[in-house]
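Please examine the structure shown below.

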Amino acid sequence: MPDYNFLVVEDSPTMRQLISFALKRIPGSKIVEANDGIDALKKLSTQKFDVILTDINMPIMDGLKLVSMVRNDPAHKNIPIVIITTEGAEEDRKRGLALGANAYIAKPIQTADLLTVVNDILGNKS
């Protein structure tokens, strides 16, 4: 069974817990949490990840900046990225996908939706 390393980037501890809890339902998953884009980049420099899930609105470095930095880094540019947007933030979603995010999930997050999106990216048949 494959192991999956997920990087969850979200400034709200409650939201991070919710996302991590949902991802733990994928067999073989390991979750690393980061509380903003800078923290995420630090963790990216020391570990390999299969999927990055990032919120857009965060202090210090937001999710859109993180997406563009990951996409411009040859070492990480192929890591799938899922952006998490507040419902109705159509502009953010479009910008995120334009910058190279692979998929998006709207808040409030539904566990089933999250798992569907992530399993699709991983190529798992649910």
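At 71% relative accessibility, isoleucine 60 counts as exposed, where exposed means over 50% relative accessible area, buried under 20% and partly exposed in between, with a 1.4 Å probe and protein chains only. Isoleucine 60 lies in the loop between strand 3 and helix 3; helices (H or I, at least four residues) and strands (E, at least two) are DSSP runs, numbered from the N terminus. The phi angle of isoleucine 60 is near 65°, a positive value in a residue other than glycine. This is a predicted model, in which local features need pLDDT of at least 70 and side-chain atom pairs count only at pLDDT 80 or more, while totals for chains, interfaces and linings use all residues. Residues are numbered from 1 along each chain as its sequence is written, and side-chain values use heavy atoms, with hydrogens and water left out.

Asparagine 57 is also found in the loop between strand 3 and helix 3. With a relative accessible area of 46%, asparagine 57 is partly exposed. Neighbours within four places in sequence aside, asparagine 57 is in contact (heavy atoms within 4.5 Å) with Asp11, Thr86 and Asp92. Asparagine 57 and aspartate 92 are 35 residues apart in sequence, and their C-alpha atoms are 9.3 Å apart in space.

Helix 3 is mostly covered, with seven of its nine residues buried. These buried residues are Gly63, Leu64, Leu66, Val67, Ser68, Val70 and Arg71. Their cover includes strand 1 (4–9), helix 2, strand 3 (51–55), strand 4 (81–86) and helix 4 (90–99).

Lysine 77 is placed in the loop between helix 3 and strand 4. Its relative accessibility of 41% makes lysine 77 partly exposed. Residues up to four places away in sequence not counted, lysine 77 touches Val70 and Arg71. Between lysine 77 and asparagine 119 there are 20 Å in space, C-alpha to C-alpha, and the two are 42 residues apart in sequence.

The axes of helix 2 (residues 37–46) and helix 3 (residues 63–71) come within 9 Å and cross at roughly 25°; axes are lines fitted to C-alpha atoms, for helices over the stretch in contact, and angles run from 0 to 180 degrees between N-to-C directions. Helix 2 is therefore roughly parallel to helix 3, since angles under 35 degrees count as roughly parallel, over 145 as roughly antiparallel, 65 to 115 as roughly perpendicular and the rest as oblique. The crossing of helix 2 and helix 3 is right-handed, the term for a near helix turned clockwise from the far one by less than a right angle, with anticlockwise giving left-handed. Gly37, Ala40, Leu41 and Leu44 in helix 2 meet Leu66, Met69 and Val70 in helix 3. By class, the residues of this contact are six nonpolar, one polar and no charged; Ala, Val, Leu, Ile, Met, Phe, Trp, Tyr, Cys and Pro count as nonpolar, Asp, Glu, Lys and Arg as charged, and the others, Gly among them, as polar.

Helix 3 and helix 4 have axes 9 Å apart and pack at an angle of about 10°. Helix 3 and helix 4 are therefore roughly parallel to each other. Leu64, Val67, Ser68 and Arg71 of helix 3 make the contact with Asp92, Arg95, Gly96 and Leu99 of helix 4. The residues of this contact divide into three nonpolar, two polar and three charged.

## Arginine 93 in helix 4

Arginine 93 lies in helix 4 and counts as buried at 19% relative accessibility. The side chains of arginine 93 and glutamate 90 are joined by a polar contact of 2.4 Å; a polar contact is a pair of N or O atoms within 3.5 Å, where, within protein, one must be able to donate a hydrogen and the other to accept it, and residues adjacent in sequence count only if both atoms are side-chain atoms. Arginine 93 also touches Ile83, Thr85 and Tyr104, not counting residues up to four places away in sequence.
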